[in-house]
Amino acid sequence: MFPAAFDYRAPSSLAEAVDILRQRGEEAKVMAGGQSLIPLLKLRFSQPALVVDIGRLPNLAGIGRHDGHLTIGALTKHAAVESSAEARSVCPLLPEAAHWIADPLIRNQGTVGGSICHADPAGDWGSVMLALGADFVANSESGERVIHAADFFQGPFTTALRPDEVLTEIRIPLAAHSGGAYNKLERKVGDFATVAVAVQVEMNGDKIAKAGIGLTSVGDRNLKAADAEKSLAGKEPTDAVIAEAARLAAAAAEPKSDVRGSAEYKKDIVRVFVQRGLRTAVARAREGRR
Amino acid sequence: MNVSLTVNGTKHSADVEPRVLLVDFIRTNLRLTGTHIGCDTSSCGACTVLVDGTPLKSCTLLAVQVTGRSITTVEGLAAGAAMSPMQTGFHEEHGLQCGFCTPGMMLVGTALLEHNPNPTEEEIRWAISGNICRCTGYMNIVKAIQHAAAIKAAAAQAPKPEAVAAGGGK
């Protein structure tokens, strides 16, 4: 298989990239690592007139800290997150989730930003970013715009990005006494998730100050389990409180029956994973592992 | 569009369409057919090559994407007639049956030992988890990579011939 013919540009600066997108954004697809786009091109599900390869743009890869946030450059490879000591120390949910993305070879080339912009409802990063309350920085000729993760995912493979914009950075707010967990059920390495759940909690003494829950593969996009999150705020994480949050998250899931399982089964996996994730996240927050 | 690559130490330059996949460039333009096309959907790893030492799936890369980079294919593992430790491991431990996945498995194993010279069995299994053996011969593939690690460890411990010569002479 090979893609339909396309024009190809590999800009050498962000300014050049946004200039190309200003002129031809409507007919273009931006490519970072290509691990989602190239399969679509080969299957001819996507036939853009122009591919703008930003994979070699400088200064868009790397993990750092700025102003109480962990920053992840859009071109940071999944494998770099998986092995990042910085991420492991301040936000272990990130490397834990990265470990479950696709397979090791794809993780060597696929990027965090590319995966987020691809917005596959079965993508892992979307749920993680919803749970973490991340912000996404988009650049265009008219400047920089910050989009909250909760506003970003609009439907299957559809995001709030405009055709003239390119995602450049992910910003994750950091908090003390926080912890997270990613649980994923997959039939085999590299398969899409049957169900996955990202959980992040911030503790205030014995009580949960704030909780974030993101759901993978159980809707037309990565879902934020807002009712479940609200039910946890200000509460001690007792078995009853956790069970109620898990029930609410399962109710928010909208899975479809397919080869990976029935809708009923997937909803129950959401329930189990929210319980399991909350217990792990709370324990990690308490033992200072964030 | 011009593509310039170093493949197994040799520089190649060609004019190709942007849509040409790296695996097709390697097999068709360079006639290096050791890199296989299995699933063609980035699931099986038969097309694995090393790009600047990192294993990637060449069916899911455009040739133009990796211009300027250094590629190692299975043909680049041996030094002349001498098999690499990984190739010896696969030979000694019967690490292949039909051989279709073998180039990818050996390249992934080679890259693994570069940054983790003494991997656990679990680390080996994780490393090859993006590569499918259609004969299901994973047991011996794991043993082959362990064998290669042992060869490399022994070579690293053995005194270098010059050191022996110097010691003996003085």
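Two strands pair if DSSP finds at least two bridges between them; helices (H or I, at least four residues) and strands (E, at least two) are DSSP runs, numbered from the N terminus. This is a predicted model: local features need pLDDT of at least 70, side-chain atom pairs count only at pLDDT 80 or more, and totals for chains, interfaces and linings use all residues. Residues are numbered from 1 along each chain as its sequence is written, with chains lettered from A and ligands numbered from 1 in the order in which they are written.

**Stop 1: the sheet.** Select E4(A) and strand E5 (residues 69–73) of chain A. They pair in the antiparallel sense over four bridges. Pick A:Ile63; its bridge partner in E5(A) is A:Ile72. Now widen the view to the open sheet of five strands, in the order E4-E5-E10-E6-E7 (chain A), with antiparallel pairing. Strand E4 (63–66) and strand E7 (143–148) of chain A are the edges, each pairing on one side only.

**Stop 2: a helix.** Select H12 of chain A, residues 263–286. This helix has 24 residues and reaches 34 Å from its first C-alpha to its last. Just after H12(A), find A:Gly288, with a positive phi of about 75°.

**Stop 3: around A:Val197.** Show the residues in contact with A:Val197 (C-beta atoms, placed from the backbone, within 7 Å). Leaving aside neighbours within four places in sequence, they include A:Ile213, A:Leu215, A:Val270 and A:Phe273.

**Stop 4: the chain contact.** Show both chains. The contact takes 25 residues from chain B and 21 residues from chain A. On the side of chain B that touches chain A, E4(B) supplies the largest share, four residues.

Conventions:
Two residues are in contact if their C-beta atoms, placed from the backbone, lie within 7 Å. The expected span of a helix is 1.5 Å times one less than its number of residues.
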